[in-house]
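Subject: Structure for you to look at

Hello,

Here is the structure I said I would pass on. Please open it first, then read the notes below with it on the screen.

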Amino acid sequence: MNNFKTRNMTQFQPGILAFIKSNVTLALLIGSLILSPISVMAGGIDDQPRIILWPDGAPEAKAGAPADIPYLSIYKADPSKATRCAIVVCPGGGYGGLAKSHEGHEIGQWLNELGISAYVLTYRHAPAYKDPVPRLDVQRAIRLVRSLHSPQAGMHDADKVGVLGFSAGGHLASTAATQFDLGLLDSSDTIDRLSSRPDFAILCYPVISMEQGVTHAGSRRNLLGETPADEDVLRMSNDLRVTSQTPPTFLWHTQEDAAVLPENSLRFYSAMVKHRVPGELHIFQKGRHGIGLGKGQGTAAAWPELCANWLNSLGMLKK
């Protein structure tokens, strides 16, 4: 991790301030957070403040409809318990929808309890969008959250930005953890000149492989098409993309998951061991697919506490 220190943010502040001014929702949010930091938690995810990833239009957007505009729903940690850590959350949905309630809103609330500011990503997906669009969205989200480290925003430490995902959103999070760059230095967009590498990853019953017999067929079809080329299957099988530069990763799965086989998590963790990537894997005996926080799901209900302990071991819960 120490080889990937974020660049000095002061050189980017003029461009970042211009972005904030161009994003009316974000500008209003920063003011509201100063006046009323708790109010953003009222209601469901649709009631949360939003940051549009690209105020001037997203790359490869087909139109200007809501489905063409990726954004982050903001769950700002209470300043009295804030840890100066942030996480981009990727809900699942088979790359054909988004489970924003139990894999988005409830996760934002849980992370806030830990003192972590959460940003739930509404990313573009099938039928209108396939690879590489979801990857572009999560990379931009990480860069954008990292950019909020400034005296004006005052939200969190720029070297404590993680990614968390469920199911197909776990595949997207694992893509962010294995297919990143350290900044597009030739870009005129100051946000894009920041690193897209997350500082840690949390993968919850994730799709990892695109290999038939292991993958989730719907996720593969929605991301890569009906008959993807072999090279695309290999490229998007993220267990094959793990290197020594992959950030520390926490994985969990259930043995009973018949929709996304636990072999996906096993393959990723095996690659982590091979490349000496720090992390943990927890396989719980009971529990169907898609259980979110795991409430009432036997031993799987322990995963949030186990994850919090792991985050604490990384120093992510320090205030």
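Trp 110 and Trp 303 are both buried. Keep in mind that this is a predicted model.

**Aromatic rings**

A pair of aromatic rings is described by the distance of the centres and the angle of the planes. A search of the whole structure finds nine such aromatic pairs. In one of them, the ring centres of Trp 110 and Trp 303 are 5.2 Å apart and the planes stand at 65 degrees, so this pair is edge-to-face. Trp 110 belongs to helix H3 (residues 101-113) and Trp 303 to helix H9 (residues 303-313), so the pair ties together parts that are 193 residues apart in sequence.

Trp 303 also pairs with Trp 252, and here the rings are stacked, 5.0 Å centre to centre with 20 degrees between the planes. Because Trp 252 is in strand S7 (residues 249-254) and Trp 303 in H9, this second pair ties together parts that are 51 residues apart in sequence. Is Trp 252 buried or exposed? Its relative accessibility is 0%, so Trp 252 counts as buried. The relative accessible area of Trp 303 is 0% as well.

These residues are part of one aromatic cluster, formed by Trp 110, Phe 166, Tyr 205, Trp 252, Phe 284 and Trp 303.

The charged end of Arg 124 sits over the Tyr 129 ring, 5.1 Å from its centre. Lys 62 lies over the face of Tyr 129 too, at 5.6 Å from the ring centre.

**The sheet and its helices**

Eight strands make an open sheet with mixed pairing, in the order S1-S2-S4-S3-S5-S6-S7-S8. Which strands are at the edges? They are strand S1 (50-52) and strand S8 (279-284), each of which pairs on one side only. On average, neighbouring strands of this sheet are turned by 20 degrees against each other, direction ignored.

Strand S6 (residues 201-204) pairs with S7 in the parallel sense, over four bridges. Ile 202 has Phe 250 in S7 as its bridge partner. Helix H8 (residues 263-274) packs on the sheet and touches S6, S7 and S8. The direction of H8 makes about 150 degrees with that of S7. Helix H5 (residues 168-178) lies across strand S3 (86-90), strand S4 (117-122), strand S5 (161-166) and S6, and runs at about 150 degrees to S5.

Helix H4 (residues 133-147) has 15 residues. From its first C-alpha to its last, H4 reaches 21 Å, close to the 21 Å expected at 1.5 Å a residue. Of the 15 residues in H4, 13 are buried, so the helix is mostly covered.

Most residues other than glycine have a negative phi, and most peptide bonds are trans. The loop between S4 and H4 holds Pro 127 and Pro 132. The bond joining Ala 126 and Pro 127 is cis, with omega about 10 degrees. The bond from Asp 131 to Pro 132 is also cis, with omega near 15 degrees.

Arg 84 is not a glycine, yet it has a positive phi of about 65 degrees. Arg 84 is in the loop between strand S2 (71-75) and S3, and with a relative accessible area of 38% it is partly exposed. Tyr 205 has a positive phi of about 30 degrees and is in the loop between S6 and helix H6 (217-224). Tyr 205 is buried, with a relative accessible area of 1%.

Regards

Notes: Residues are numbered from 1 along each chain as its sequence is written. This is a predicted model: local features need pLDDT of at least 70, side-chain atom pairs count only at pLDDT 80 or more; totals for chains, interfaces and linings use all residues. Side-chain values use heavy atoms; hydrogens and water are left out. Helices (H or I, at least four residues) and strands (E, at least two) are DSSP runs, numbered from the N terminus. The expected span of a helix is 1.5 Å times one less than its number of residues. Buried means under 20% relative accessible area, exposed over 50%, partly exposed in between (1.4 Å probe, protein chains only). Rings of Phe, Tyr and Trp (its six-membered ring) pair if their centres lie within 6.5 Å; planes under 30 degrees apart count as stacked, over 60 as edge-to-face and the rest as tilted. A charge sits over a ring if NZ of Lys or CZ of Arg is within 6 Å of the ring centre and within 35 degrees of the ring normal. Two strands pair if DSSP finds at least two bridges between them. Axes are lines fitted to C-alpha atoms, for helices over the stretch in contact, and angles run from 0 to 180 degrees between N-to-C directions. Contact means heavy atoms within 4.5 Å.
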